[in-house]
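Me: Could you walk me through this one? I'd like to go spot by spot, with the cut-offs spelled out.

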Amino acid sequence: MFAVMRPYAPPPPPGAQPPPLWGDEDHVRSLLGDRVTGVDARRQALRVDQFAAPEDFRDFFKSGYGPMIAVYRAIADDPEKVAALDAALVDLAARHLEDGAMDWEYLLVTADRAAA
């Protein structure tokens with residue numbers, strides 16, 4: 001979804017890291033560094049059956065997901081960009097929605113705080 005949003009989003013502030021990096025095990029491990037031990041990272045999937053149609057997916061994220069709301073605010077004065085982003089989100093959902101459901105992958109990381 002971030003790849004779909006990227007062309008419409010304002011540039012991030014200097015030094016900001018892209019949110020998808022939180023799905024990269026090596027990146028998360030590097031952030032935690034030696035402050036933790038016993039790191040366990042695994043990919044899991046969440047079955048989401050909330051969206052009957054691709055437009056429902058778009059509308060949900062357009063109205064309730066902070067990063068998406070910010071992107072729409074940034075392009076609000078350009079109806080062509082708004083329409084293009086609307087269409088891109090519907091297309092994204094249409095490619096992944098099967099029988100009224102989607103599987104969303106995420107990275108689950110657990111660790112123990114290292115002794116001080």
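Me: Is Arg43 buried, partly exposed or exposed?

Reply: This is a predicted model, where local features need pLDDT of at least 70 and side-chain atom pairs count only at pLDDT 80 or more, while totals for chains, interfaces and linings use all residues. Residues are numbered from 1 along each chain as its sequence is written, and side-chain values use heavy atoms, with hydrogens and water left out. Buried means under 20% relative accessible area, exposed over 50%, and partly exposed in between (1.4 Å probe, protein chains only). Arg43 has 45% relative accessibility, so it counts as partly exposed.

Me: How are H3 and H4 oriented to each other?

Reply: The axes of helix H3 (residues 54-64) and helix H4 (residues 66-74) come within 6 Å and cross at roughly 85 degrees. Angles under 35 degrees count as roughly parallel, over 145 as roughly antiparallel, 65 to 115 as roughly perpendicular and the rest as oblique. That makes H3, relative to H4, roughly perpendicular.

Me: Which residues of H4 make the contact with H3?

Reply: On the H3 side, the contact uses Arg58, Phe61, Lys62, Ser63 and Gly64. The H4 residues are Gly66, Met68, Ile69 and Tyr72.

Me: And Arg58, buried or exposed?

Reply: Arg58 is found in helix H3. Apart from residues up to four places away in sequence, Arg58 touches Tyr72, Asp86, Leu89 and Val90. Its relative accessibility is 16%, so Arg58 counts as buried.

Me: What kind of ring pair do Phe51 and Phe61 make?

Reply: Rings of Phe, Tyr and Trp (its six-membered ring) pair if their centres lie within 6.5 Å; planes under 30 degrees apart count as stacked, over 60 as edge-to-face and the rest as tilted. By this rule there are eight aromatic pairs. For Phe51 and Phe61, the centres are 6.4 Å apart and the planes at 40 degrees, so the pair is tilted.

Me: Where does Phe51 lie?

Reply: Phe51 and Phe61 are both buried. Phe61 is in helix H3, so the pair ties together parts 10 residues apart in sequence, with Phe51 in the loop between E1 and H3.

Methods. Axes are lines fitted to C-alpha atoms, for helices over the stretch in contact, and angles run from 0 to 180 degrees between N-to-C directions. Helices (H or I, at least four residues) and strands (E, at least two) are DSSP runs, numbered from the N terminus. Contact means heavy atoms within 4.5 Å.
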